[in-house]
Amino acid sequence: MYRYDEWDQRLVDERVAQFRDQVARRLSGELSEEEFKPLRLLNGLYLQLHSYMLRVAIPYGVLSSRQLEALAHIARHYDRGYGHFTTRQNIQFHWVRLEETPDILAELAKVGMHAIQTSGNSLRNTTADQYAGVAADEIADPRVYAELIRQWSTLHPEFSFLPRKFKIAVSGAARDRAAVKTHDIGLYVRRDQAGELGFEVLVGGGQGRTPMLAKTVRKFLPEADLLSYLEAILRVYNELGRRDNLFKARIKILVHELGLEKFTELVEAEWAAISTGALRLPRDEIARIRAQFAPPPYEAIAIPVASLEAARRKDPAFARWLRHNTAAHARPGYAIVNVSLKAVGEVPGDIGADAMEALAGLAERLSFGELRVTHEQNLVLPHVKASELYALWQALVPLGLASANVGLASDIIACPGLDYCSLANARSIPVAQRIAERVAALGREEEIGELRIKISGCINACGHHHVGHIGLLGVDKQGEEFYQMTLGGHAEEDASLGAIIGPAFSSADVVDAVERVIATYLGLRHPGERFIEAYRRLGPEPFKERLYAAH
Amino acid sequence: MSLEIVTANRLRDGRAVYLGESGWSENLQAAQVAGSAAAAKALLAAAEANAAANAVVAPYLIEVADEGDRLVPQRLRERIREQGPTVAAGARPPVREVA
């Protein structure tokens with residue numbers, strides 16, 4: 001894992017002192033709310049329905065055991081005993097007090113964490129594939145580049161007041177697990193014909209009111225040019241992005257209005273002026289960062305591992321968990337473990353302080369002290385020996401963290417919605433809970449197979465509904481909660497945006513509607529055909545017919 | 001004219017509070033009710049003075065219905081602000097098997 005150097009540590013320590021002073025001045029009345037609001041937003045502090053909410057950055061979703069223990073401590077002492085992992089691989093605390101926020105930031109700084117640039121019109125936390133460095137299908141470790149971007153973008157003086165927030169995602173693998181095409185800038189690590197590393201650069205993705213998938217502006221950008229090229233894109237956006245209209249301020253609108261060709265031309269012209277300057281990455285600097293992500297001291301393990309095979313045969317519940325919650329590791333004899341935060345009936349992405357501490361202990365013992373956060377609101381133990389999987393599973397069961405549902409219908413992304421969020425029009429969490437309960441009652445989740453259901457409580461689309469196989473958007477119709485359904489969205493390398501299937505469903509009807517979509521799929525799919533494949537073959541008509549036939 | 005009360009978030013901790021005869025309270029039932037446009041305007045003006053004095057943030061009027069024994073906010077958003085999230089959070093029971 002990357003370890004803070006003295007510069008990183010000084011920066012977060014100074015920010016704690018600075019924010020402590022700003023909070024004191026706000027409480028004394030020296031600063032008005034109007035003056036204070038942009039300052040608190042620079043530190044991830046929102047005012048929500050019930051309380052202040054603090055969003056803590058988890059750079060590219062990588063957490064140490066020690067950091068998770070610190071988050072548990074914060075949850076217990078400054079919040080109501082739990083935290084909420086988000087689709088940006090961050091964690092939110094929903095019940096913090098303004099007067100205690102500087103103390104929370106001080107606790108975070110002790111473990112190399114902060115809340116800088118987790119809100120406001122800034123370069124946000126760069127996200128990455130949660131399997132970075134361990135995925136069997138990886139070209140190169142995206143954490144190296146995400147860390148370089150973190151260092152470049154943190155308190156970047158030129159980009160502190162962008163037209164709107166700005167999100168970057170990096171994937172280094174063949175399969176896109178980071179929803180790269182839904183980001184303002186998306187980076188796919190590629191190799192050129194000579195075998196040199198670089199990136200396919202995509203720009204202009206985003207969800208919200210006007211969903212768009214990012215478009216390729218460069219097929220191959222050499223590794224050394226990463227930061228100068230990003231700087232060129234940001235400069236074009238900073239100069240030409242719309243500041244007159246909040247709804248048109250994201251870079252996707254600029255790319256759309258200028259056209260991809262013109263936009264690319266402007267970026268290339270800007271880049272030509274700066275590409276040989278200070279931002280060009282020396283090989284030894286890349287190597288220095290790469291060394292920070294050196295693999296842990298794995299053991300040489302002969303496969304297959306007999307004890308694992310025996311446990312798999314003996315215990316069907318464990319076998320199911322293995323099928324859905326583990327992934328192929330680059331090293332023989334090791335596995336990537338997904339820890340589901342989607343127990344049926346629970347709040348997607350929530351985890352209590354006790355469970356956080358227990359999981360930190362398990363990561364310390366069984367995963368070289370490391371965890372990851374996924375954009376799908378689950379956690380990952382990235383380096384577990386195959387021979388330890390059964391013991392790990394047995395430890396996760398009593399913690400409520402062993403739901404064998406990753407990638408299945410009850411593994412639902414849901415934003416906090418109207419239960420917490422001041423922007424929401426409708427609740428997301430109870431709908432997710434009811435769908436998960438219905439799916440469980442049907443008893444066919446494995447048979448249904450991969451199905452991505454994503455729910456947002458408003459058009460800002462924090463719940464990624466536009467790229468859900470089944471997407472649900474909460475709307476307010478004369479004071480009643482309704483849910484608009486989209487079908488056919490997908491967040492991976494073959495991404496697509498969902499299409500609205502018809503009139504919205506009432507809260508009372510929405511779970512039945514989801515069940516009808518699932519039943520339609522099961523009735524029409526070819527053997528082995530996933531939901532998204534079947535939808536792409538069939539189109540919306542059979543689903544529409546089944547959904548609205550009775551109306 | 002519907003009934004209105006004033007709500008805001010308390011500056012120190014962000015909690016939802018309501019303006020009553022004896023100041024700001026987390027108890028909506030203690031809120032002072034305005035039954036006319038003029039009364040609502042006066043109530044909001046008093047609240048805004050409190051905001052300027054840094055007790056609360058961003059006060060605004062909400063509609064309530066008097067159901068005899070209690071005041072009930074008309075909008076779901078405000079009912080959730082009063083009563084808290086409609087979902088239990090954080091405490092995870094042992095996993096229930098999904099068949």
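I'll start with one helix. H14 of chain A covers residues 429–442, which is 14 residues, and from first C-alpha to last it reaches 20 Å, close to the 20 Å expected at 1.5 Å a residue. Please keep in mind that this is a predicted model.

Which residues of H14(A) are buried? They are Ile429(A), Pro430(A), Val431(A), Ala432(A), Gln433(A), Ile435(A), Ala436(A), Val439(A) and Ala440(A).

In total, 44 residues of chain A are in contact with 29 residues of chain B. On the chain A side, the elements that give two or more residues are strand S13 (350–352) and H14. H14(A) gives the most, with 4 residues. By type, that side of chain A divides into 21 nonpolar, 13 polar and 10 charged residues.

Now chain B itself. It has 2 helices and 5 strands, and along the sequence they follow the pattern β-β-β-α-β-β-α. Of its 99 residues, 32% count as buried. If you take the contacts in chain B with a separation of 6 or more, 52% of them are between residues 24 or more positions apart.

Back to chain A, and to its domains. The assignment gives domain 1 (6–60 + 81–110), domain 2 (134–292), domain 3 (306–399) and domain 4 (413–548). The C-alpha centres of domain 1 and domain 2 of chain A lie 27 Å apart.

S4 of chain A covers residues 82–85. Which way do its residues point? Tyr82(A) and His84(A) point one way, Gly83(A) and Phe85(A) the other, and all are buried.

S4(A) is also joined by 2 bridges to strand S5 (residues 91–96) of chain A, again running antiparallel. Here Phe85(A) stands opposite Ile91(A). The hairpin of S4(A) and S5(A) has 5 residues between the strands, and in it Gln89(A) takes a positive phi near 60 degrees.

There is also an open sheet of 5 strands in chain A. The order is S6-S7-S8-S9-S10, and the pairing is mixed. Strand S6 (127–128) and strand S10 (215–222) are the edge strands, each pairing on one side only. Val203(A) has Lys215(A) in S10(A) as its bridge partner.

Leaving aside residues up to four places away in sequence, Met356(A) touches Leu68(A), Leu71(A), Ala72(A), Ala75(A) and Ile351(A).

I'll finish with two single residues. Val144(A) lies in helix H5 (residues 142–153) of chain A. Why does Val144(A) count as buried? It counts as buried because it has 28 C-beta neighbours inside 10 Å, and the cut-off is 20 or more. Leaving aside residues up to four places away in sequence, Val144(A) touches Ile286(A), Ile289(A), Arg290(A) and Phe293(A). Val170(A) is 26 residues from Val144(A) along the chain, and their C-alpha atoms are separated by 9.9 Å.

The other residue is Lys110(A), in helix H4 (residues 101–110) of chain A. Lys110(A) has 15 C-beta neighbours inside 10 Å, so it counts as partly exposed. Its C-alpha atom is separated by 8.5 Å from that of Asp13(A), 97 residues apart along the chain.

How values were computed: Residues are numbered from 1 along each chain as its sequence is written. Chains are lettered from A and ligands numbered from 1 in the order in which they are written. This is a predicted model: local features need pLDDT of at least 70, side-chain atom pairs count only at pLDDT 80 or more; totals for chains, interfaces and linings use all residues. A residue is buried if 20 or more other C-beta atoms lie within 10 Å of its own, exposed if 12 or fewer, and partly exposed in between; C-beta atoms are placed from the backbone. Two residues are in contact if their C-beta atoms, placed from the backbone, lie within 7 Å. The expected span of a helix is 1.5 Å times one less than its number of residues. Domain bounds come from an automatic or database domain assignment. Ala, Val, Leu, Ile, Met, Phe, Trp, Tyr, Cys and Pro count as nonpolar, Asp, Glu, Lys and Arg as charged, and the others, Gly among them, as polar. Two strands pair if DSSP finds at least two bridges between them.
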